[in-house]
Structures are given as C-alpha cells and as structure tokens.
Amino acid sequence: MTFNLDHLKGGLFAVILLVLFYLVIFYNRSSIMAEDFIQLYQTPRVSPSRSAAATSSPCTCFERSTIFKDRFPEKEYAELASRRAKEIQSYKARTTSVLSELLLAAPNTPLQYPIQGFNARPLTPTLIPGLRLFPEQRKSYRVTLQASRGVLTTETPPADVDVLGDSQDVLIIESRNLHSLNYVLTKVSYQSTIYHIHTGDLVTLSYEHHKVVFPVTIKLPKVPVMFDMGKDINSQVTIVTKTFIRYYNLRMLIKSIREFYPNITIIIADDSFEPQRVTEDNILQYIMPPGQGWFAGRNLAISQVMTKYFLWVDDDYEFTEKTTIEKMVEVMEANPELDVLGGSVKGNRFFFSVIYEEGNEIEGGCLYRKSGGRFQHLPGFPGCYLVSGVVNFFMARTDSLQKTGFDPRLRRVAHSEYFIDGAGSLMVASCGDVIVGHQTNKSKEDAARYARYRNPGRDDWMFKDRLLFFKNNLKCMRWG
C-alpha cells in the first residue's frame, strides 16, 4: 500500500478550514451579538421586503371630458394649481400611513409572523401573535426584530437563551435550543413610542439571509355608536326634505306622507325668503337664512335626525301605495355595509357609476360620471344593483351621511357632487320596487318665483368647475 502525501496535505487543510469556520461563527456568541447590534444602529435602515414605491403616472382623460385647465384664465389656473398642490400633500398626510405600503412576502421563508390583523393600542405593550422559527437543523439559532415607531420587549428568558436589546427598537434573540427560542418569541411584545388614534408601523423579522416585514396597526378601539330600532317604522326612519318657496308642493307632500305614515317624523329645512310656518304634529321645521341653498339645507336637516335611517325626498314628491319604506329598511338591515339605498321616482331610477383614476399629484385625477352605470347585483335582492350614486329619493344610514356631509358651497344644481365626494367611502345601491310619485299640480305663482332661482348661470357652472378642480384634485371630468 502506497502512501499519498498530497492527499494527506489536502485533508489537513480541509480540517483546518472547518475549525477556523467554527471558531469564527460560534466562539464568543455574546460578543458577536453585540457587534451585530451596534452595526444595526450604525447602518441605514432598509426594509428588505418592501417594494419600491412606484411614481404615479398621469391619468388619461375620458373621451369628451371637460379639461379644467382650459376652463380658467392662465394666471388663475396657476394660482389654483399652486394652492392645490400644497393642499393635496396635507390631505395625503392625514389619510395615508405606512400601512398603505406594498409588502412582498419572501418565498420559502422559515419565519412565521402575522400578516394581517395585529392591532396594538398606542403606547401599550401588546404581544405579537404567531412569531415562530421553522429552520433546518443548526447548532445555534438567531432571530432579529426591528421596529421603526416602537420598541420590542420580552419576558426574562430561560438560561439557554440570550436576548439583547430588550425595550429598544432592535431585539436580538439567540439560542442553541430551538424550542427555547420559539418560547421566547411567543413572549415578544410591541409598544408604540408615539400616540396616534390610527396609524401603523412595519416590523422587520430576520433569520440568517431571510428577511420579512409585517405590519402593526396602531389604533385606539372605536366606541360603538348604535341606534335603537324600536318596534315600528316611526322609530326606525325619519323623512327629511328641503324646501324653498314651494309651499304648495310641500303641503301636498306632507298630506301624501300622512296618508300612509300618519305618525312618522318629518324634518324640513327651509331657506325661503318669506317663511311660512308648518305647524303639525311630528313635524320639525328649521328656518334658515334666505337662499342658503340645497346642500346647506340637507346638512341642517340631517343633523337633526335621531333615528337609524332617514329617507330623503324632494318637496315636490308624492307618496303612493308603492312608497313602502319598510322594504327599504329590510334591504338596509340585510346589508349592514350599505350606506345609501336609492329608490325610483315614477319608475325612473337615475343611478350612475363613478370611474376614477387618481393620476399624479401635479395634474390630478380623471373622473367619469356614467349615467346608468352599475357594478353588480345586490345579493338576495333581484332588481337591486350596487352603484355609485342614485336619484333624490333614497334611504341612508344617518351616521354615515352625517360623517360625509354635503358641501354647503353648492347651492343650486348639485347632487352628483355629493356621491363624487363619497366615492370610495360610501356603499350605494339602487332598487326599483320602492317608488315615489312626482307631483303634477303646482302653484303657478310659486313655480314662477322658484324658476328665477332654480337654474344656475354661467358663474355657477364656473364655480362648480373650480370646486371639482381644486377640492377633488381633478384634471378632467366627463359627465355621461
């Protein structure tokens, strides 16, 4: 048997490399942890699993859209655009948070962590649910957690677990015993260092080359605000209307309501120049300064509703045997997420959809109000559709519309504008089987006076364009 010196040298060299590797990795673990801890503070914080935020692109205006830039003189447009750019930054600061950031889950990670539903009260330690490590066999295991707007704490660890950074924003846990390490992970708490009623944080969890990010929702729990439905329609719904000059029509409306609902509460907002008192049981008439307008009147009337729902009607509508409010309540109760339910006026439903593209902050968004546009059927109710906006005959959840509000600057022709403001926050549907009538008999004197104020002039349309451009941050809009 011959002896191969080259083979012996190669084997010794391999053994020496393995010994050196072991000493570098596992010798003096506490020292290594401390160096890593210091390095985490000295290097820039980069969230490994977050996608780069894409720069928003300009939106494309729908065919036959109104281009708002062309509606104003150049100097006026420049001034409006400058103020609008500042305001949109303030709006986004109020309405967005780190919870809006796109997170991508790394593939085949051995880390378990919460991906949704972890809520922490502000300034309050809260256990992080579901933290666990599922690694391949190792001689030692180490995980690192890192927060941005809070600190991480844990209970006193077992003797075979080393913890560094307790009550700080970087927490390192290491052990040779996987079971003990996972036990400590179940005791890790997150505590925000800021007070905010609804914001968030992103926590990074890493093990070896694996890094993931999970969200923490920092929020105070909401106190429920509920309405007692009582025993009948009178304690469930209030009828609300706004009147201006047309007292003949208003009295016809009240007479028709009383034929079918003799005891239901009716609230009237009245901004007539010469108010006429309506003194009947269960009627509340609020006299406004003259000519304040439709939306100001809606705000006033709705602010006084004390029932769970209200039914909005124009002052020249007329109740018939097909105006069955109970059916609308049935639909609303069966769909708690609905905010508004439209009916039909003499068989016409007049619903529409809103198609909106945000665009970029500089130019603004593109919007299409599409008459007759609808999305899908309302489950369980044939003939009902989910839409964006409805006609001026609708039932609504009182608290939802009190929060959204109507813009009092819109005094004359205004209806779609409310549903444009509510797009993305109001759930709206339209059903055709509850029908209100439209009066045909009118006072000639009232009608003549009303007509002088009813139709907007050029200044009103220009004001509306400025409002859509600035308030809704629109580049263009198509009315369809």
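Q: How are the bonded cysteines of the chain paired, taken in sequence order?
A: The pairing is 1-3, 2-6, 4-5. A disulfide here is a pair of cysteine sulfur atoms within 2.5 Å.

Q: And how many disulfides does that rule give?
A: The count comes to 3 disulfides. Keep in mind that this is a predicted model, where local features need pLDDT of at least 70, side-chain atom pairs count only at pLDDT 80 or more, and totals for chains, interfaces and linings use all residues. Residues are numbered from 1 along each chain as its sequence is written, and side-chain values use heavy atoms, leaving out hydrogens and water.

Q: OK, which cysteine is joined to cysteine 59?
A: Cysteine 366 is the partner, with an S to S distance of 2.0 Å. This pair links distant parts of the chain, 307 residues apart: cysteine 59 is in the loop between helix H2 (29-42) and strand E1 (66-67), and cysteine 366 is in strand E20 (residues 364-371). Helices (H or I, at least four residues) and strands (E, at least two) are DSSP runs, numbered from the N terminus.

Q: Is that link of cysteine 59 and cysteine 366 right-handed or left-handed?
A: Right-handed, with 80° about the S-S bond.

Q: What about cysteine 61, what does it bond to?
A: Cysteine 61 forms a disulfide with cysteine 476, the sulfur atoms being 2.1 Å apart. Cysteine 61 lies in the loop between H2 and E1 and cysteine 476 in strand E25 (residues 474-479), so the pair ties together parts that are 415 residues apart in sequence.

Q: Why is the disulfide of cysteine 61 and cysteine 476 called left-handed?
A: Because the torsion about its S-S bond is about -110°.

Q: Is cysteine 61 buried, or partly exposed?
A: Cysteine 61 is partly exposed, at a relative accessible area of 25%, while cysteine 476 is buried at 0%. Buried means under 20% relative accessible area, exposed over 50%, and partly exposed in between (1.4 Å probe, protein chains only).

Q: Which cysteine does cysteine 384 pair with?
A: Cysteine 431, with S to S at 2.0 Å. Cysteine 384 sits in strand E22 (residues 384-387) and cysteine 431 in strand E24 (residues 428-438), 47 residues apart. The torsion about their S-S bond is about 120°, so this disulfide is right-handed.

Q: Switching topic: how many helices and strands are in the chain?
A: There are 11 helices and 25 strands. Of the 480 residues in the chain, 44% are buried.

Q: At what angle do helix H3 and helix H11 pack?
A: About 35°, between H3 (residues 74-95) and H11 (residues 458-470), with axes 10 Å apart. Axes are lines fitted to C-alpha atoms, for helices over the stretch in contact, and angles run from 0 to 180 degrees between N-to-C directions.

Q: Which residues in H11 take part?
A: Arg466, Phe469 and Phe470, which meet residues of H3 including Tyr77 and Leu80. Contact means heavy atoms within 4.5 Å.

Q: Last one, strand E9: how many of its residues are buried?
A: E9 (residues 170-175) has 6 of its 6 residues buried. Val170, Ile172 and Glu174 point one way, and Leu171, Ile173 and Ser175 the other way.

Q: In what sense does strand E6 pair with E9?
A: Antiparallel, with E6 (residues 141-146) joined to E9 over 6 bridges. Two strands pair if DSSP finds at least two bridges between them. Strand E8 (residues 161-164) also runs antiparallel to E9, with 4 bridges.
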